[in-house]
Amino acid sequence: LVLAGPGTGKTTTIVEAICARLGDPVDPLPPDAVLALTFGRRAALELRDRVAARLGGGILPTVATFHSFAYGLLRRTDDDLDYVDPPRLMSGAEEDVRIRELLQGAVADASIDWPDDLAGALTTLGLANEVRAVLARARELGLEDDDLRRIGKASGRPAWTAVGQLARQEQDVMLLENVIDYTEMLHRAVLRAREPDVATMLHRQYRAVYVDEYQDTDRLQVALLASLAGPNASIVAVGDPDQAIYAFRGADVTGLPRFPDRFRTPTGEPAPVVVLGRTRRFGPRIRAAATAVLADRVPRGLTVEQQWAHRHPVCEPA
């Protein structure tokens with residue numbers, strides 16, 4: 001685990017680490033044995049370009065977003081029938097429209113038992129966005145529609161029961177139209193990666209995996225990463241425990257301090273933690289202000305010494 005605050009050179013660290021593994025004088029890796037995962041197409045393209053520039057061209061390792069890697073894994077391991085008619089991946093805008101249509105349909109035919117206090121909001125975009133977020137988080141946690149209904153009844157929250165009913169309708173419609181959303185795609189990729197034959201293939205291929213912005217991963221993405229962690233693979237995750245810009249999309253910032261325990265060394269020890277201790281983005285005054293705002297909170301899983309080193313980098317001129 002590499003703790004990297006703003007301006008500490010995290011992308012440079014990843015680029016140099018990748019190139020070092022490719023050019024290792026003792027055990028050099030072929031490009032197809034190295035995988036780098038990040039968030040967003042722009043970030044993936046930038047990382048790929050920097051690796052290409054550093055290597056001076058040639059065959060490059062795989063640099064992808066979690067979602068594009070998951071989609072590629074499904075297509076790569078589909079059987080013949082699945083490959084002929086693979087499900088279409090919906091965009092975020094399409095998901096929003098679908099949820100609104102299901103909500104409006106439920107109002108028209110009274111097929112879902114919505115509580116009275118939500119009746120006036122069923123046709124609004126705001127509620128549709130909230131319902132979509134709940135369905136996505138439930139999928140990440142492995143909760144099916146029956147689980148949501150059971151939770152609703154056990155806790156006396158009819159809204160959860162209603163969302164469970166809507167989840168069933170959505171799954172039926174998606175199956176009928178042969179489409180999937182991003183969360184379902186990741187869920188299927190995790191299940192596929194755990195199949196014995198696929199796991200053997202992945203563990204044989206990938207020897208080094210690098211993850212940027214690890215604090216933005218969610219549970220499904222971490223599960224997919226864990227499926228790549230074969231007996232001969234090294235995993236390097238770079239992130240900042242004081243950032244969580246994708247928490248509203250389900251990112252689990254607590255996953256970063258749990259990394260050393262989740263991805264232990266071959267001897268069973270927690271993964272080592274490295275702190276990038278120099279920044280070129282700000283000076284001592286901004287560092288002091290940020291430290292004051294963050295106070296003494298130490299993310300569970302990190303030591304006080306690691307937290308202190310992360311939040312007190314040496315400030316160098318840009």
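A crossing is left-handed if the near helix is turned anticlockwise from the far one by less than a right angle, and right-handed if clockwise. Keep that in mind for the helix pair coming up.

Ground rules first. This is a predicted model: local features need pLDDT of at least 70, side-chain atom pairs count only at pLDDT 80 or more, and totals for chains, interfaces and linings use all residues. Residues are numbered from 1 along each chain as its sequence is written, and side-chain values use heavy atoms, with hydrogens and water left out. Helices (H or I, at least four residues) and strands (E, at least two) are DSSP runs, numbered from the N terminus.

Now the helices. Two packed helices are described by the angle between their axes and the distance between the axes. Take H9, residues 182-193, and H11, residues 219-228. Their axes come within 9 Å and cross at roughly 25 degrees. Axes here are lines fitted to C-alpha atoms, for helices over the stretch in contact, with angles from 0 to 180 degrees between N-to-C directions. H9 and H11 are therefore roughly parallel, a label for angles under 35 degrees. The crossing of H9 past H11 is left-handed.

Who makes the contact (heavy atoms within 4.5 Å)? From H9, Thr183, Leu186, His187, Ala189, Val190 and Ala193; from H11, Leu220, Gln221, Ala223, Leu224 and Ser227.

Next, the sheet. It is open, with 6 strands in the order S3-S2-S6-S7-S1-S8, paired in parallel. Pairing takes at least two DSSP bridges between two strands. S3 (62-65) and S8 (274-275) are the edge strands, each pairing on one side only. Inside the sheet, S2 (residues 34-38) and S6 (residues 208-211) run parallel, joined by 4 bridges. One detail there: leucine 37 has valine 211 of S6 as its bridge partner.

Now backbone angles. Most residues other than glycine have a negative phi. Alanine 110 has a positive phi of about 55 degrees. It sits in the loop between H5 (92-109) and H6 (125-140). Glutamate 213 also has a positive phi of about 55 degrees, in the loop between S6 and H11. Buried or exposed? Alanine 110 is exposed, at 58% relative accessible area. Glutamate 213 is buried, at 19%. The cut-offs: buried is under 20% relative accessible area, exposed over 50%, partly exposed in between, with a 1.4 Å probe and protein chains only.

Last stop, alanine 128. It is in H6 and buried, at 1% relative accessibility. Beyond residues up to four places away in sequence, alanine 128 touches Ile99, Arg100 and Leu103.

Technical notes
Parallel < 35°, antiparallel > 145°, perpendicular 65-115°, else oblique. Contact = heavy atoms within 4.5 Å.
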